[in-house]
Amino acid sequence: QAYFPKIGWAETPTYERSTLAPGAKIAGPALVEEAGATVVLFPGHDLTVDGFGNMAIKVPGRSSERNAT
């Protein structure tokens with residue numbers, strides 16, 4: 001479980017980044033862990049792994065996507 005200010009405690013799956021293949025899609029809430037960082041997907045956020053292994057996170061209400069490498 002993880003705590004999110006707008007919804008409180010929520011069941012939150014955790015993924016290892018190295019296991020996410022290109023085309024993988026994850027809907028928040030979720031956590032993506034790797035050796036040097038943890039990516040937090042808030043409820044309503046969507047993550048897609050592109051062909052290069054970059055994680056593109058779509059945030060509702062934002063017109064552009066930002067890549068986390």
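**The core and its surroundings**

Modeller: This is a predicted model. Start with the strands. The protein has nine of them and zero helices. Read along the sequence, the pattern is β-β-β-β-β-β-β-β-β.

Now the core. The largest nonpolar core holds eleven residues. They are L20, A24, I26, A30, V32, V39, L41, L47, V49, M55 and I57.

Pick out V39, one of the core residues. Leave aside residues up to four places away in sequence, and V39 touches A30, L31, V32, M55 and I57. Of these, A30, V32, M55 and I57 are also listed in the core.

Next, the setting. Buried residues make up 33% of the 69 residues in the protein. The protein exposes about 4,700 Å². Carbon and sulfur atoms supply 52% of that area. Take the contacts with a separation of 6 or more: residues 24 or more positions apart account for 18% of them.

Strand β5 also takes part in a salt bridge. The count for the protein is one. The side chains of R17 and E34 form it, at 3.2 Å from N to O. R17 sits in the loop between β3 (14–16) and β4 (25–27), while E34 is in strand β5 (residues 30–34). The two are 17 residues apart, so the pair links distant parts of the chain. How covered is each partner? R17 has a relative accessible area of 14%, so R17 is buried. E34, at 33%, is partly exposed.

Last, the rings. There are two aromatic pairs. Y3 and W9 make an edge-to-face pair, 5.5 Å centre to centre, with 70° between the planes. W9 is exposed, with a relative accessible area of 58%. F4 and F42 also pair edge-to-face, at 5.4 Å centre to centre and 75° between the planes. This pair links distant parts of the chain. F4 belongs to strand β1 (residues 2–4), and F42 lies in the loop between β6 and β7, 38 residues away. F4 counts as buried, at 3% relative accessibility. F42 is partly exposed, with a relative accessible area of 38%.

Definitions and conventions
Residues are numbered from 1 along each chain as its sequence is written. This is a predicted model: local features need pLDDT of at least 70, side-chain atom pairs count only at pLDDT 80 or more; totals for chains, interfaces and linings use all residues. Side-chain values use heavy atoms; hydrogens and water are left out. A salt bridge is a side-chain nitrogen of Lys or Arg within 4 Å of a carboxyl oxygen of Asp or Glu. Helices (H or I, at least four residues) and strands (E, at least two) are DSSP runs, numbered from the N terminus. Buried means under 20% relative accessible area, exposed over 50%, partly exposed in between (1.4 Å probe, protein chains only). Contact means heavy atoms within 4.5 Å. Accessible areas come from the Shrake-Rupley method with a 1.4 Å probe; for residues, only the protein chains shown count as cover. A nonpolar core is a set of buried Ala, Val, Leu, Ile, Met, Phe, Trp, Tyr and Cys residues joined through side-chain atoms within 4.5 Å. Rings of Phe, Tyr and Trp (its six-membered ring) pair if their centres lie within 6.5 Å; planes under 30 degrees apart count as stacked, over 60 as edge-to-face and the rest as tilted.
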